[in-house]
Amino acid sequence: MIYNLIMYAIQSCIAIYSNFNEKTRKMWCGEKAAFDVLRANVDTQAKYIWFHAASLGEFEQGRPLIEQIRKEYPQYKILLTFFSPSGYEVQKNYKGADIVTYLPIDTVTNARRFLRTIRPVMAFFIKYEFWYNYLHILRHRGVPVYSVSSIFRPDQVFFKWYGWEYAHVLKCFSHFFVQNEESKRLLEGIGVKDTMVVGDTRFDRVLQIKEACKNLPLVEKFVGTRLGSPVNGARQRRVFVAGSSWLPDEEIFLKYFNEHKDWKLIIAPHVIDEDHLKQIQELIKDRKVIRYTKGNEENVEDAEVLIIDCFGLLSSVYHYGDIAYVGGGFGAGIHNVLEAAVWQMPVIFGPNNKHFDEAQGLLKSDGGFEITDDESFRKIMDDLSSDSLLMKECGSKASTFVQSLSGATEKILSSIEL
């Protein structure tokens, strides 16, 4: 079968490329070690529910479901697998799962060996995961398999004339919990009837994150700086938070804020390395810049730009902003706009957002704003800056949009048998 030849070819490419690339090396070593991890940790008397996420973003979508099952059905143990190092390396010590490991590449041999070792009683594949051999063996064994927060578009291979054979993999799922009506319609059009529109579990996750928000004393000191005495505890300089930004994003918004110094800036770039951090600082003109890891109560107090040069803080940093910008829209696609929207802020992002339902929803709700260049960014910022009531209303609409689409986790759990 062509698919299996492709899988063996991919496995060979990963092995070869691992000699030249650190991320690929971690993946290759992790996949090879996966069976040792399972042998050392699997409780043969336990019943395992298996969750698979390609990377960190998909894990965040599945996390509310993992934690709710963990809470309500403690008789089950949780296996969590990742394909990408960007997910595994961040969450390898995640306490919500009993075992966390890489998923070996989808060859027939690996799939049989993996499933023979773990023997899951149920499996959840998050969003875009359609591993042919794993899924067919699970179906053959009668194991219920659910696709969670999945979303489908007409340009995917399943809906093309040449993809009819691979589309059979979709019939291995017991049920699809999809994000929107179009996904349900597309699946039903090729004979996949077990579908239910529940929305995206990411809405539940960002509400969880908001509840667990960290207090960041250094950021509080930064945003609390006054030009003179405070008035009723209110900040006298508003705060713009840029999350997961790339250089094309930074070139646009920093050009504006070099001219408009009545705003303070918090920048949490997507890539944190010395070259990128220097690029950001070179774009900033005549403003005091502090990196978070080098900040203290004295030097941050009169700083005007705070660069978050470490991971894990962004979702809490948004709490301190008045307007948010989410990066990636001038590249492969925007990052998580919901983490910002939940904090009652207008959210600005670049043009590559058309395949992101959450961004489209924010635009329609008037809680989000698309920019395409310097001028469109300038206009949006000028409009919001000059009308505090408008800024507040847009932020409220963004938060209301998130709240209105929460609840997918409960809908899924009420529809499956545990």
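Predicted model: local features only at pLDDT ≥ 70, side-chain atom pairs only at ≥ 80, totals over all residues.

User: What is the volume of the largest cavity, and which classes of residue line it?

Analyst: Its volume is about 40 Å³. Searching the whole structure turns up one cavity of 30 Å³ or more. The lining of the largest cavity has three nonpolar and three charged residues, with no polar ones.

User: Let's turn to helices. How are H8 and H16 packed?

Analyst: Two packed helices are described by the angle between their axes and the distance between the axes. For helix H8 (residues 202–211) and helix H16 (residues 388–404), the angle is about 120° and the axes lie 8 Å apart. H8 and H16 are therefore oblique to each other. On the H8 side, the contact is made by Phe 203, Val 206 and Leu 207, and on the H16 side by Phe 401, Val 402 and Gln 403. By class, that makes five nonpolar residues, one polar and no charged.

User: And what is the angle between H3 and H8?

Analyst: Helix H3 (residues 56–72) packs with H8 at about 75°, their axes 8 Å apart. H3 and H8 are therefore roughly perpendicular to each other. Here Glu 60, Gln 61, Arg 63, Pro 64 and Glu 67 of H3 meet Arg 202, Asp 204, Arg 205, Gln 208 and Ile 209 of H8. This contact has six charged, two polar and two nonpolar residues.

User: Now for the whole chain: into which domains is it divided?

Analyst: The assignment gives domain 1 (1–207 + 406–415) and domain 2 (215–405). Taken over C-alpha atoms, the centres of domain 1 and domain 2 are 33 Å apart.

User: How many residues of each domain are in contact?

Analyst: Ten residues of domain 1 touch twelve residues of domain 2.

Key:
Residues numbered from 1 in each chain as written. Heavy atoms only, no water. 1 Å grid on protein atoms, 1.4 Å probe; cavity = no way out; pocket = protein on both sides within 12 Å on 5 of 7 lines; lining within 4 Å. Points joined across faces, edges and corners; volume = space filled by probe spheres on them. Nonpolar A, V, L, I, M, F, W, Y, C, P; charged D, E, K, R; others polar. Axes fitted to C-alpha atoms, helices over the stretch in contact; angles between N-to-C directions. Helix = DSSP H or I, 4+ residues; strand = E, 2+ residues; numbered from the N terminus. Parallel < 35°, antiparallel > 145°, perpendicular 65-115°, else oblique. Contact = heavy atoms within 4.5 Å. Domains from an automatic or database assignment.
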